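Dear colleague,

I am passing on the structure we spoke about, and below it you will find notes on what turned up when I went through it. Please read them with the structure open beside you.

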Amino acid sequence: MKNGFLHTIATELLDQHGMDMSHLHIVFPNRRAGLFFNKYLSEIAQKPLWSPNIYGISDYITRYSPYEKADKLQLIFELYGVFTAALNSSEKAEHFFFWGETLLGDFDEMDKYLADVKRLFSNLLEQKELERPEDYLTEEQKQHILTFWKAFGAKLSTHQKNYLRLWEKLYGIYADFNKNLDDLRLGYEGKIYRYVAENPQFMLEKTENQDIVFAGFNALSNSEIQIISQLVEAGRARIYWDADEYYTSDALNEAGQFIRAMRKHPVLSRTFPETWNNNFQNKEKKITFVGAPLNIGQAQAMAMMLEKNNVEEPISLNEETAIVLADEQLLFPVLNALPQELERLNITMGYPVSASLTHSFVNIITDLQLFTRSRSDGEVWFNHRHLIPLLRHPFVQKFEYEFIEELCERLIERNRVYISSDELDLSHPFFLDLMHKAEDGKALIQYLQTLLSHFSEENTGSVEWEFIGHYQKILTRLGDLFVAYQMDTDLYAFVRLFRQIVLSLRLPFEGEPLEGLQVMGMLETRNIDFKNVFILSMNDGVFPAKPQQNSFIPLNLRRGFGLPTFETRDAIFSYLFYRLLQRAERVFLLYNTEDFEGHRGEVSRFLLQLQFESGLNIEHKLLQSPVTISQPRTISIVKTDEILKHLMNYCREGTEKPASFTPSAINTYLECRLRFYFRYVLKLDEEKEIEENIGMKELGNLFHLAAEFLYADFLDKNHTIESKDVNELQKKVSGSIEKAYRKQYSMQEHEIIESEGQWVLIREILKKMLLKVLEIDRKYAPFNIQGLEAGQNQGYSTLISVETDLKTYMVSLKGVIDRIDEKDQVLRLADYKTGRDKSNFKSMDSLFDREDKNRNKAVLQLFFYALLADKSGKWKNKFLQPALFNLSELFGDHFDWKLEMKEPYAKNSEIITDARPYLEEFENLLSQVLVEIYDPNVNFNPTEDLDKCRYCSYAAICNR
């Protein structure tokens, strides 16, 4: 920006030094400012020149240190060894990582601020430690320190004693850690700064003939102050400060806190100008506050203001305009909202790796490996909870989408909890590399590297390509460190460590900052001025962020030893905010108006300061869609001609092979008409999932199948089962259970059923149940098997005439009876139940009373079967006796399968030995239900009993 800070000093330095500036050394807070400085220098000169030497402050100081700057991972690995040795601890690396990051941060700050580390980590319960004659601490600092130590009291708790033991070890850890780094000639930033500040001779020798400029600094650490002041005092350096009269002269404005403090420094005070410009108030600027709902609302509001047709003065979509994101999660909503006519864009900010597709892919892969089984024959078995999400991951579905979807559906249909590698008949090389079990951390690193390599070329040039590359670098570095530090880690430990590391990683997006619309974080704006500024997420708790301090050093001790606190951070961001605005002409400050994900919809205090203290004319816009919260409407489905047409599918008039209403359909209608509509008219199937735990439904299915296989031979041979035959049947129980399992989960004969886990328990439960049923049958013998569920083909069906005001329908009914046996002219219709169904009921009317909470659905089902058996005409001269085998009551002392009808408080009851005398009444009641189903004047309404909605699959549709 012309006449901005960098443009101004470029003009001034060019005037002073001419076209040869090669002897000049200019130091900025970061390298990015140097790029803009060189651009302005070139534009002003308008011809080739010898450019100055440009540095970021960290690079510049490191030049005069004997240490090479180490990466954080290596520092934590080194610190881990020192920490465990000092405490004689067996703490695992994955547990230490978080504490290691915190401790490393403390060491870095203590060195940058030149704190007396030995004294800080001493036990200062004795006040004498504070009474040194050469003490540099102020009385206020001493008071902060005493406040902390006095909180311990005269008698220490166990927790306090443990804390002190650790505290007193920390100086030894610091000293040993630094000694190890000395031997390696490595350092962290604070160590390097401290060394140069306390040993300036080498720096002063090397800079003897240099002209050094420090430009754009504000919040300097003690070591930086000491280094810069030594160079200034030696006459080799000068300083260009970037500040404004508005906040430096106001003692209450935290943005000027550091400038005001340094104006009292004996050396640096000489470098300040006599007066500051008041660009903030004197330069004409238009400031607009914009409130919008949520992140997406802010992004769309910003896009509207960038659109040329939506503003009186169009905003230039070039490097004169900056979009500053206080919340990095806004990056992708902003990118998606930018105007179509945008030609150039530059992104300069960090974005959390954990928000990427690559991260989700790696997370799934590591979970997959944690729960993968490897058999002795080398076959690998994957858990469905991780394999199916992996197959459906966007990375993987690019390979063979249709085939992968078919495979997933097949696995879900077969309820495959564990899937063998042989079942993944996929041709892409990725799947060949997938079929391995990593045994330890080192093997998992290689495994992940191999899998990620399949996606590098697929995503070349995309954002995900950057994330993949970042992951590969981290994995390579971890592998090198494991070798260098001779660390062996098991699979679980490595995954925990790896996830801890990745959690704090940011991918630095670095584009070409000299062209195009600028998208950046607040820290990246240092020293750079823009004509147009958009700042998003100007909310309390976001900008500035919530106060937090991950540190071993308590707040009072930080204040006592002059270390930065959360107030320091707030002051830094206050300066960045006001500095960015001071030369801008058009400013749009956007904030979220809604409470969302832990963030409150309150404006930042920086906005309130501007509004009430600046005296500037500020426009305030509130963008929101008027929302009225109303009670959800009750869904009521009117039977239109289209719906009645669907219902005709259950009638002979509607189709040659009509669908049929089953007992479940009738019970569903009586429970909730709307549920019936969803399931039997719209045919909305419940989403299928793999069931790891075999519940009552799956247990019931397995029992039904096993019972069919057990009696199948007697059905085919039409053989009477005698008491002695039960002995042979008992021997076939285990085989029948295995056959049932294979049929239930579509397993082939050659596939092995794993004899472990819950299947062993379920198998024993089924075995006990079947043996108990056989004992009951032994007592009932002799009898003939007349029908089994599997042997009935499509079950028994009939047509029943239903008359409505409009027409007469011939409605199809069908039922599949679990077992039919005959003894002494009595045909027993048996139904197996795994729930809490009872064999007693009040009356026929009660079976159809939807208001009765105790309505017996199982008995209705049995009479439904009896009606079908009667209308089949197959057993005209036999009694039809319903039989309820409630499996949960098999082992009770008074188990009885007979149905009993008894009104409440009645002395006498009726045992149902033959259903025929009751079928006329039952059929009439059933017909009334069917008439209601086909009556166009009766809507499909939801039940009034909300308890029935609790486990309903359609509850979300009804807003219940």
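E889 is partly exposed, with a relative accessible area of 33%, where partly exposed covers the range between buried (under 20% relative accessible area) and exposed (over 50%), computed with a 1.4 Å probe and with protein chains only. E889 forms a salt bridge with K838, and the closest N and O atoms of the two are 3.3 Å apart; a salt bridge here is a side-chain nitrogen of Lys or Arg within 4 Å of a carboxyl oxygen of Asp or Glu. Because E889 lies in the loop between β25 and β26 (900–901) and K838 in the loop between β23 (826–833) and β24 (840–841), the pair ties together parts that are 51 residues apart in sequence. K838 also counts as partly exposed, at 44% relative accessibility.

Before going further, please note that this is a predicted model, in which local features need pLDDT of at least 70 and side-chain atom pairs count only at pLDDT 80 or more, while totals for chains, interfaces and linings use all residues. Residues are numbered from 1 along each chain as its sequence is written, and side-chain values use heavy atoms, with hydrogens and water left out. Helices (H or I, at least four residues) and strands (E, at least two) are DSSP runs, numbered from the N terminus.

On the other salt bridges, a search of the whole structure finds 48. One of them brings together the side chains of E94 and R496, at 3.1 Å from N to O, and this pair links distant parts of the chain, since E94 is in helix α5 (residues 93–112) and R496 in helix α24, 402 residues apart. E94 counts as buried, at 5% relative accessibility, whereas R496 is partly exposed, with a relative accessible area of 40%. The side chains of K878 and E822 meet in another salt bridge, at 2.6 Å from N to O; K878 sits in the loop between α36 (857–872) and β25 (879–886) and E822 in strand β22 (residues 819–823), 56 residues apart, and so distant parts of the chain are linked here as well. Both K878 and E822 are buried. There is also a network of salt bridges that links K69, D108, K112 and E189.

Helix α23 (residues 463–484) has 22 residues, which at 1.5 Å a residue should span 32 Å, and its end C-alpha atoms are 32 Å apart, which agrees; the expected span is 1.5 Å times one less than the number of residues. Several residues of α23 are buried, among them F467, Y471, L475 and F482.

Most residues other than glycine have a negative phi, and most peptide bonds are trans. Q486, which follows α23, has a positive phi near 50° and lies in the loop between α23 and α24 (491–503), where Q486 is exposed, with a relative accessible area of 70%. N527 has a positive phi of about 75° although it is not a glycine; N527 lies in the loop between β14 (517–520) and β15 and is buried, with a relative accessible area of 1%. The peptide bond from F543 to P544 is cis, with omega near -5°, and P544 lies in the loop between β15 (532–536) and α25 (555–560). A cis peptide bond also joins A781 and P782, with omega about 5°, and P782 is found in the loop between α34 (758–780) and β19 (783–788).

With regards
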